[in-house]
Structures are given as structure tokens and as C-alpha cells.
Amino acid sequence: MEKTEKLQHRFGLIGKNISYSFSKRYFIQKFKELGLDNYSYENYDFQNIEEFKSLISSNSNIKGCNVTIPYKESIIQFLNEIDSKAEKIGAVNTIKFTNKGTIGYNTDAYGFQKSIEPHLKKHHTNALILGTGGASKAVKYVLEEMGIICVYVSRKPLKNQIGYTDLDEKIIKKHTVIINCTPLGTYPNVNLKPDIPYLYITKSHLLFDLIYNPNKTAFLSAGEEYGACICNGQDMLENQAEEAWRIWNS
């Protein structure tokens, strides 16, 4: 009698220009450690989010996907359902495929909170969020839940946001938490960093960078030079990945 072939469980990352993918390496290693030889993880490198529709129609054995830049917000329109937290945040970075359709979740919030909490001190009451993309929305959600007052910094500021040219000594010294949610400084462009007045950074500041490659970005190095506590995005990524794995298997 022939041996029945195991059903292939497929997972992947949806994004644009994602050959650097942390997620693919992380989950392939995880599957290997768990002995899940019928599990696979691939990159879905879309030039347009509309390509997601063909992914759904052609792959019935996909169990889950991660979502990265620049599709964390635009992916929502294609989902059958969205988790209440992801809805409040306005961004999705994890998708679960079920018999009833696709469900969107946000595990960035979980990952960010777990990674920043050990570094927060009592005087960290105000924060600047550099960038206004999908990941920044999860960051803002978490900070506000923790009672930290935060404001977006943008190249094209909207209402209740500020521009980079508005940043002065008073603003920098008031906001002792500064979080980089932009891709500036990501490998291979390691010399780039957000255009803020670093000379006003003090040892009271916490600088957090969502980037994990390189380990210490130009943004973090500049903050460290002025005595700030620094943290990169490695722990956040691992925490959000583990939460995604829990969701896919729940």
C-alpha cells in the first residue's frame, strides 16, 4: 500500500522588495527545529497589492502570511475579517487563512510592547514617532495604551503631526522616547538616519529603532553618542513572529 503524502502547510511573507526577509529565515529555522518537514515559507514579493487576489485563488493550502512594508494598511480591503485590535490600529501584519476566509491580525503591537517595556522609566512620558506607515500605527497604539503621550513626525505632516523642520531643543528634551518607524538606515543604506537634531539627545532619552539590520543603525549610534539608552527591532520581530505562530496554530 502506498504511503499517503503529507499535506503541505504553506506560509509566507507579503511585501515589496523583500529579499532581505527576516521572516523567511526565522520560520524556516523554526520548522527545521520542530521537525515540520511538510511546512514551507516563501516570499510573496508583490509590486502591487492587487496581486494578493491571485495568491488567494491559486493556493488553497496556505495557512498563514506575514505582511510587511508597504502593504500593512492596503491589505485590509482584501480580507474577509479583521481582529478588533488590528481594526483599532488600522494595520495588519499577520493573516490567518481559514475555511471561512482570511482574518487579519496585528502582532506588531504585541512584539513592540514586549520589547520596549524593559527599557521604559518613569520619566518616559512623551514620545516622538518618526514615520507614519503601518508599523507606526501599532507603536502609537501601544504607547497610548501605556499612558505615554505621543506625536507623529512626518516629512509631510498632517493635522496633529509635526514636521522634521519643527524639531527643536524644547521638543526633543520634552519627548524622551524617540522611535524610528522609517526604513532609513536599513542595510545596505546603513549611513542614513532620520533628520532630527541629535545634539539635544540626553542620557534621559530612549531611542528605539524598528530596524534590526544592521544591529546598530546610524540612528541608534547617534543617540548612544549623546548618552541615550538604545534598542533595535530584533526582539520586536521575534516576539511578533512568535505571536503570529500562535495565531496560526490556534
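## Basis of the model

This is a predicted model, in which local features need pLDDT of at least 70 and side-chain atom pairs count only at pLDDT 80 or more, while totals for chains, interfaces and linings use all residues. Residues are numbered from 1 along each chain as its sequence is written, and side-chain values use heavy atoms, with hydrogens and water left out.

## Overall form

The secondary structure comes to eight helices and 12 strands; helices (H or I, at least four residues) and strands (E, at least two) are DSSP runs, numbered from the N terminus. Along the principal axes, the C-alpha atoms fill a box of roughly 75 × 35 × 30 Å.

Of the 250 residues, 51% are buried (under 20% relative accessible area; exposed is over 50%, partly exposed in between; 1.4 Å probe, protein chains only). Among contacts (heavy atoms within 4.5 Å) with a separation of 6 or more, 66% join residues 24 or more positions apart.

## Nonpolar core

The largest nonpolar core has 25 residues. Such a core is a set of buried Ala, Val, Leu, Ile, Met, Phe, Trp, Tyr and Cys residues joined through side-chain atoms within 4.5 Å. The residues with the most contacts inside this core include Phe112, Val139 and Ile179. Elements that give two or more residues to the core include helix H4 (108–116), helix H5 (134–145) and strand E10 (177–180). The largest share, six residues, comes from H5.

Leaving aside neighbours within four places in sequence, Ile179 is in contact with Phe112, Ile116, Leu128, Ile129, Leu130, Val139, Leu143, Phe208 and Leu210.

## Backbone details

Two cis peptide bonds involve proline. The bond from Tyr187 to Pro188 has omega near 10°, and Pro188 is in the loop between E10 and E11. The bond from Asn213 to Pro214 also has omega near 10°.

Asn160, in the loop between E8 and strand E9 (162–163), has a positive phi near 70°. Asn160 counts as exposed because its relative accessibility is 66%.
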